[in-house]
Amino acid sequence: MRVFILAGEPSGDRLGGALMAGLKQLMPDVTFDGIGGSLMQEQGLVSRFPMEELSVMGIAEVLPKYRHLKRRIRETADAVIASKPDVMITIDSPDFSLRVAKLVKAGSDVRTVHYVAPSVWAWRPKRAEKMAKCIDQVLALLPFEPPYMEAAGMACDFVGHPVVNEPLATDAEIAEFRAAYGLTDTPYMIALPGSRRSEVSRLAPVFGDAVRDFVLKHPDMRVVVPAAAPVVPLVQENLQSWPDNTMLLDPTKLDADTAKAHKRAAFAGADLALAASGTVSLELAQAQTPMVIAYNFNWLTWQIMKRMALIDTATLVNLVSDTRVVPECLGPDCQPHLISETLSAVAANPKAQIDAMALTMQRLGQGGEAPGLRAAKAVLARLKS
């Protein structure tokens with residue numbers, strides 16, 4: 001079996017790695033081609049070009065790189081058509097993935113699967129109809145998504161979210177992490193300004209000012225920043241203006257297993273988190289770490305999205321649990337003093353989010369079959385039929 005698979009950002013790389021592992025378990029002779037990051041490469045993928053080239057988010061952010069991205073879209077589609085795989089699996093990054101799928105469908109009969117349903121329940125509901133013209137099957141992370149996709153004419157399977165299958169940090173791992181970083185018996189918070197360069201550039205200065213204000217009011221609180229490997233240098237540069245007690249977790253200086261263990265322990269041991277909007281909120285929910293979500297787009301992107309939004313929250317924990325317990329500082333509210341005040345409010349009542357976090361994990365498939373394996377089974381079942 002030959003699979004062409006592509007992802008454009010770290011969250012997609014994680015989905016792709018788990019799906020590839022599931023396919024290898026079910027079809028040991030499977031081979032892969034495409035684009036992906038370190039986790040997909042661990043499963044045997046040789047990426048055609050660095051995945052980081054595609055990690056761009058926001059309308060205004062994409063425009064300066066439009067020509068390069070367009071060239072990569074054409075190049076990728078041509079590679080799929082030439083290689084004639086049994087199936088092409090695109091993972092999230094719809095601005096890139098679906099354009100590739102459109103070209104592939106126009107030039108071949110390759111079966112197309114898209115992993116991560118577009119959030120048509122949040123904004124741009126017509127996307128599902130357009131997507132149905134080039135996508136045969138959708139793998140959905142959220143339990144309420146299949147009806148939206150099926151109504152547009154695509155097969156859709158809820159496969160669960162991979163975060164529910166991630167290992168939890170043990171008490172021993174947390175204690176070891178605290179001792180290794182001088183955090184024994186010391187409260188600490190984690191700050192997560194994003195995994196894309198565009199996010200870190202925009203959010204790290206705001207997060208730094210917010211954290212500085214918060215630490216002034218909570219002088220015993222240390223600050224830990226678990227950086228994503230692709231943006232470590234940029235994060236490190238920004239931390240020079242953060243509070244003196246800020247500590248960087250640099251995964252590039254550790255072996256892969258140790259880096260993952262330290263990140264798990266950092267999340268689970270933290271008293272509080274400030275994070276960019278995205279999948280990281282689910283990682284924090286799994287670790288049962290109270291959080292504040294903050295995010296700000298380029299002004300043009302924000303104005304467009306604000307007018308098209310169909311929901312009143314951007315945080316997955318709030319959406320899946322059908323609550324609004326995780327506070328957000330989005331758009332014009334992504335200001336240091338507002339973030340600091342919100343952090344103080346959460347620190348004063350850290351248990352307010354716990355029930356919603358547990359419900360979120362349950363609804364995403366915790367305790368069931370591994371999502372990567374479920375996704376692989378869904379792909380194979382539809383392919384055989």
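Okay, some ground rules. Since the model is predicted, local features need pLDDT of at least 70 and side-chain atom pairs count only at pLDDT 80 or more, while totals for chains, interfaces and linings use all residues. Residues are numbered from 1 along each chain as its sequence is written, and side-chain values use heavy atoms, with hydrogens and water left out.

When I say buried, I mean under 20% relative accessible area; exposed is over 50%, and partly exposed is in between, with a 1.4 Å probe and protein chains only. Helices (H or I, at least four residues) and strands (E, at least two) are DSSP runs, numbered from the N terminus. And contact means heavy atoms within 4.5 Å.

Take Val30. You'll find Val30 in the loop between helix 1 (10-26) and strand 2 (31-35). Is Val30 buried or exposed? Its relative accessibility is 9%, so Val30 counts as buried. What does Val30 touch, if we skip residues up to four places away in sequence? The answer is Met1, Val3, Leu23 and Lys24. Look at Met1 in particular: Met1 and Val30 are 29 residues apart in sequence, yet their C-alpha atoms are 4.6 Å apart in space.

Next, Pro85, which sits in the loop between helix 4 (66-83) and strand 3 (87-91). Pro85 is buried too, with 9% relative accessibility. Leaving out neighbours within four places in sequence, its contacts are Arg2, Val3, Phe4, Val80 and Val110. There's also a C-alpha distance to point out here: Pro85 and Ile5 are 80 residues apart along the chain, and 9.7 Å separates their C-alpha atoms.

With a relative accessible area of 3%, His161 is buried. Again setting aside neighbours within four places in sequence, which residues are in contact with His161? They are Arg14, Leu141, Thr279, Leu282, Leu364 and Pro371.

Now on to salt bridges. The rule is a side-chain nitrogen of Lys or Arg within 4 Å of a carboxyl oxygen of Asp or Glu. How many salt bridges does that rule give? The count comes to 17. I'll show you a few.

Asp213 pairs with Lys217, and the closest N and O atoms are 3.2 Å apart. Where do these two sit relative to each other? They are 4 residues apart in helix 9 (residues 197-217), so about one helical turn separates them. Asp213 is partly exposed at 26% relative accessible area, and Lys217 is partly exposed at 47%.

Lys126 and Glu129 make another bridge, with the closest N and O atoms 4.0 Å apart. Here Lys126 is exposed, with a relative accessible area of 53%, whereas Glu129 is partly exposed at 46%.

Then there's Asp312 with Arg324, where the closest N and O atoms are 2.8 Å apart. Asp312 is in the loop between helix 13 (299-308) and helix 14 (316-321), and Arg324 is in the loop between helix 14 and strand 12 (328-330), so this pair ties together parts that are 12 residues apart in sequence. Asp312 is exposed at 59%, and Arg324 is partly exposed at 42%. Over in another spot, salt bridges with shared partners join Glu9, Arg196 and Glu199 into one network.

Two backbone details. Asp322 isn't a glycine, but its phi is positive, about 55°. Asp322 lies in the loop between helix 14 and strand 12, and its relative accessible area of 63% makes it exposed. Gln288, also not a glycine, has a positive phi near 55°. Gln288 is in the loop between helix 12 (280-286) and strand 11 (291-295), and is partly exposed at 41%.

Last stop, Lys133. This lysine is in the loop between helix 6 (127-131) and strand 5 (137-140), and it is exposed, with a relative accessible area of 71%.

That's my tour, so over to you.
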